[in-house]
Amino acid sequence: MKFDVLTLFPELFNIVMRESIIGRAQENGIIKVNAINIRDYSKDKHKKVDDYPFGGGTGMVMTCQPVIDAYNDITKDMTVKPKVIYMSPQGRVLNQKIAKELSTEEHLILLCGHYEGIDERIIEEIVDEEISIGDYVLTGGELPAMVLIDCVSRLVQGVLASENSYSEESHFNGLLEYPQYTRPADYNGKKVPDILLSGHHANIEKWRTQQSIERTKQKRPDMYEVYERTHKKNL
Ligand SMILES: CC(C)(C)c1cccc(C(=O)NCC2(NC(=O)c3cccc4nocc34)CCCC2)c1
């Protein structure tokens, strides 16, 4: 799977995306993250990529020309135009279901905004979909793009070693994780629940599912409501 990222800060991606799981997946050729510097396409003599907003207001807006020319350049030899996702506060909020959908794409182009945003005509011209990572004010779309690349890449076949419980989409059962414990069994007098030391795998499985359901109900009633609906259907 290939990600082309249109950004003003390509270095951010070159550093972060070569680490850990994504880095290994790139070495194995399963994932490719290609960061493109929008500024390289500016025709302005000072390489400007932003300008004042029509109608006034504080802050600057990213101009059309460099972004559209960058898009046209990377797609000029492509018969099938890849889906273009603008990382945007106005997008539908990313979740595991959307990540799963996106992981079936061969090639995605991610556009990262900066300043106050991008000229609306860029969205009209090249953007297929807007995706947000959540409702808070950020400086740019770069961190959101990295979040999307991380959660989508993990779902691409071969990126995660199979023994990792998250490599199968089935592991994401729509619930929060049960409490995790590791050695020592007694830390400062705080003991690990006996059930986990019992060796009864069926009982352990039951306990874990019960814990997941209880904590989802308590911490994320919205997520629990979806779980209940889907499980009522299957019951
Ligand atoms: C209502 C609320 C969401 C709080 C809001 C209202 C108005 C502006 C902003 C805001 O953050 N604008 C700045 C920019 N933000 C993002 O790009 C961005 C932000 C959040 C999640 C994201 N997922 O992808 C990209 C994302 C847009 C242009 C450069 C950065 C946020």
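**Close-up views of a predicted model**

**View 1. Helix H8 against helix H7.** The buried residues of H8 pack against helix H7 (201-219). The model shown here is predicted. Helix H8 has 14 residues. From its first C-alpha to its last, H8 reaches 20 Å, close to the 20 Å expected at 1.5 Å a residue. Met 223, Tyr 224 and Tyr 227 are buried in this helix. These residues cover an arc of only 95° around the axis, so they sit on the same side of H8. The face turned away from the buried side carries Arg 229, Lys 232 and Lys 233, which are exposed.

View 2. The structure holds one aromatic pair. The ring centres of Tyr 224 and Tyr 227 lie 6.1 Å apart, and the ring planes meet at 35°, so the pair is tilted. For reference, planes under 30 degrees apart would count as stacked and planes over 60 as edge-to-face. Both tyrosines belong to helix H8 (residues 221-234). An α-helix has 3.6 residues a turn, so residues three or four places apart point the same way. Tyr 224 counts as buried because its relative accessibility is 13%, under the 20% limit. Tyr 227 is buried too, with a relative accessible area of 13%.

**View 3. The cis peptide bond at Pro 184.** Arg 183 and Pro 184 are joined by a cis peptide bond. Omega is about 5° here. Pro 184 lies in the loop that runs between helix H6 (142-153) and strand S8 (186-187).

**View 4. Positive phi at Tyr 115.** Tyr 115 is not a glycine, yet its phi is positive, near 55°. The residue is found in the loop between strand S6 (107-112) and helix H5 (120-126). Tyr 115 has a relative accessible area of 32%. That value falls between the 20% and 50% limits, so Tyr 115 is partly exposed.

**View 5. Positive phi at Asn 188.** Asn 188 has a positive phi of about 50°, although it is not a glycine. Its place is the loop between S8 and strand S9 (190-191). Asn 188 counts as exposed, because its relative accessibility is 68%, and the limit for exposed is over 50%.

Conventions. Residues numbered from 1 in each chain as written. Predicted model: local features only at pLDDT ≥ 70, side-chain atom pairs only at ≥ 80, totals over all residues. Heavy atoms only, no water. Phe/Tyr/Trp six-rings, centres within 6.5 Å; stacked < 30°, edge-to-face > 60°. Helix = DSSP H or I, 4+ residues; strand = E, 2+ residues; numbered from the N terminus. Buried < 20%, exposed > 50% of the residue type's maximum accessible area, 1.4 Å probe, protein only. Expected span 1.5 Å × (residues − 1). Arc of directions from axis to C-beta. Contact = heavy atoms within 4.5 Å.
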